Amino acid sequence: MTITPLIKHDYLAKLAESGKRADGRELNEFRNIEIETNIISKAEGSARVKIGNTQVVVGIKMDVGEPYSDSPESGVMTTAAELIPLASPDFEAGPPRENAIELARVVDRGIRESGVIELDKLCIEPEEKVWIVFIDIHIIDYDGNLFDAASLAALAALLTATVPAERFELGENYPLPLKEPPISCTSVKYNNVIVMDASLDEEEIAEARLTVATDENGDIRAMQKGLSGSFDVEEIKKVIKSSIDNGKKIREILYKSVGK
Amino acid sequence: MKSDIKLFDSDGKRLDGRKPDELREIKIEVGVLHRAEGSCYLEWGGNKAIAAVYGPREAIPRHTQNPLRAIINARYNMAAFSVEDRKRPGPDRRSREISKVISEALAKIVLTERFPRASIDVNIEILEAEAGTRCAGLTAAGVALADAGIPMRDIPVACAAGKIENQIVLDLGKEEDNHGDADLPIAISPRTNEILLMQMDGHLTLDEFDTALELAMKGCHIVSDLQKKAIMKKYQNIEEV
């Protein structure tokens, strides 16, 4: 650790001992969340999500292509994330590095494994033609907690997406078939305190990170633990509980933003 | 490129209802990003661009440093979802060329001699593209540089003129660009009318070129006023300390 994070660490750790955070939030409280949809008219679906100062834009594009041979009757989805140098002085140009890849994969898993996109309804001709859904995540301002901002933006963009059947002369356009989405909430741990929705300063001193995606029934749908620190079982349970609580609130914000 | 598409209606109006010397609608917001030292969001017709400035900071890798001046590192990038058919992420030959000519245009206007060995990084993201993204990007970059407090001789601004159906018009739209006869994007220093960037494709006679250049310059000055208004809007209420 260089000197600046050490000073930050001592400051934030001291605050945390008395249950406080630098920006005045409760330990398990999210920053303000803003969601704006349909911001890119060229995209099939799009959204801009702000969590505090963190800002993410996601665009959905669709194309017709071949299915994978092991799932000939189901559509294909791919997720890509770019940590473009616009968003932070520390992001460099070039092909995605491991952080961008982990981000894209965690978002992808949250959507794929919970079956949010009904890929079996995206088959045009078995073994020949299916819809391909591209989820492209653009980080434009980085102030911590990209996992949740990117997941939420991807969901908001999907919820407003239209299958562009007319452009491919495949009948009328229709809304992308979707199921109830799980909401992802990320906590980090430093100095034996666990905080939800870490700001950049908190993320820089974090020892361990846990992302939990929960569905509308309060069941767990995806998890990812990151960084070199550890959690004990009690801590994991606490994180899951507060992910469910926050997930409920975020789901309401999400539905409100897409008019559901 | 000749085609059957009519680019003017019977009243001499263009496809989107504009007069020949009329710009598309432009909206400029200053300081939209938290992390960057200066930033600008710009909508120009259907184009949506964000520019962010970082630096001056030590140029890395070190062999890129110039002991006499700062280097300007502009990076023009298009989002995968910015165009009709998804674009593969990452730089291609087109975006590298645009990055280069924009870097060179900005290097002329920034007082680079004040910051030896430094780099000033100008990141331009095109979120949505509809003809004229390089002009939109450079215009946003000019505002972002001013917002970052980078010393400049002027605030650079860009605009294009072109030829459709044998008539010179300002600021080509998507269909006009695809079916028109020529496109002439320029960037200038509006105080001195020095030309910082100029590209042309298509076919223009010498007279047509003169008309087009004059029209593009006129467009630049209109956009320049919008840039200054947007910057004033952010800074005019800040009191001196």
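**Close-up views of chains A and B**

**View 1. The contact between chain A and chain B.** The contact takes 28 residues from chain A and 22 residues from chain B, two residues being in contact if their C-beta atoms, placed from the backbone, lie within 7 Å. On the side of chain B that touches chain A, the elements giving two or more residues are strands S3 (47-58), S4 (71-78) and S5 (118-128) of chain B. S5(B) gives the most, with 5 residues. Helices (H or I, at least four residues) and strands (E, at least two) are DSSP runs, numbered from the N terminus. By class, this side of chain B has 10 nonpolar, 5 polar and 7 charged residues; Ala, Val, Leu, Ile, Met, Phe, Trp, Tyr, Cys and Pro count as nonpolar, Asp, Glu, Lys and Arg as charged, and the others, Gly among them, as polar. This is a predicted model, in which local features need pLDDT of at least 70 and side-chain atom pairs count only at pLDDT 80 or more, while totals for chains, interfaces and linings use all residues. Residues are numbered from 1 along each chain as its sequence is written, and chains are lettered from A and ligands numbered from 1 in the order in which they are written.

**View 2. The open sheet of chain B.** In chain B, 5 strands form an open sheet with mixed pairing, in the order S1-S2-S3-S5-S4; two strands pair if DSSP finds at least two bridges between them. Strand S1 (26-30) and S4 of chain B stand at the edges with a single partner strand each, so one side of each is left without a neighbour in the sheet. From one strand to the next, the twist averages 15°; axes are lines fitted to C-alpha atoms, for helices over the stretch in contact, and angles run from 0 to 180 degrees between N-to-C directions.

**View 3. The S1-S2 pair and helix H1 of chain B.** S1(B) pairs with strand S2 (residues 38-44) of chain B in the antiparallel sense over 5 bridges. The bridge partner of B:Val30 in S2(B) is B:Cys40. Helix H1 (residues 93-109) of chain B lies across S4 and S5 of chain B and runs at about 145° to S4(B).

**View 4. Helices H2 and H3 of chain A.** Helix H2 (residues 98-112) and helix H3 (residues 146-159) of chain A pack at an angle of about 45°, with their axes 10 Å apart. The contact is made by A:Leu103, A:Val106, A:Val107, A:Gly110 and A:Ile111 of H2(A) and A:Leu146, A:Phe147, A:Ala150, A:Ser151 and A:Ala154 of H3(A). By class, this contact of H2(A) with H3(A) has 8 nonpolar, 2 polar and no charged residues.
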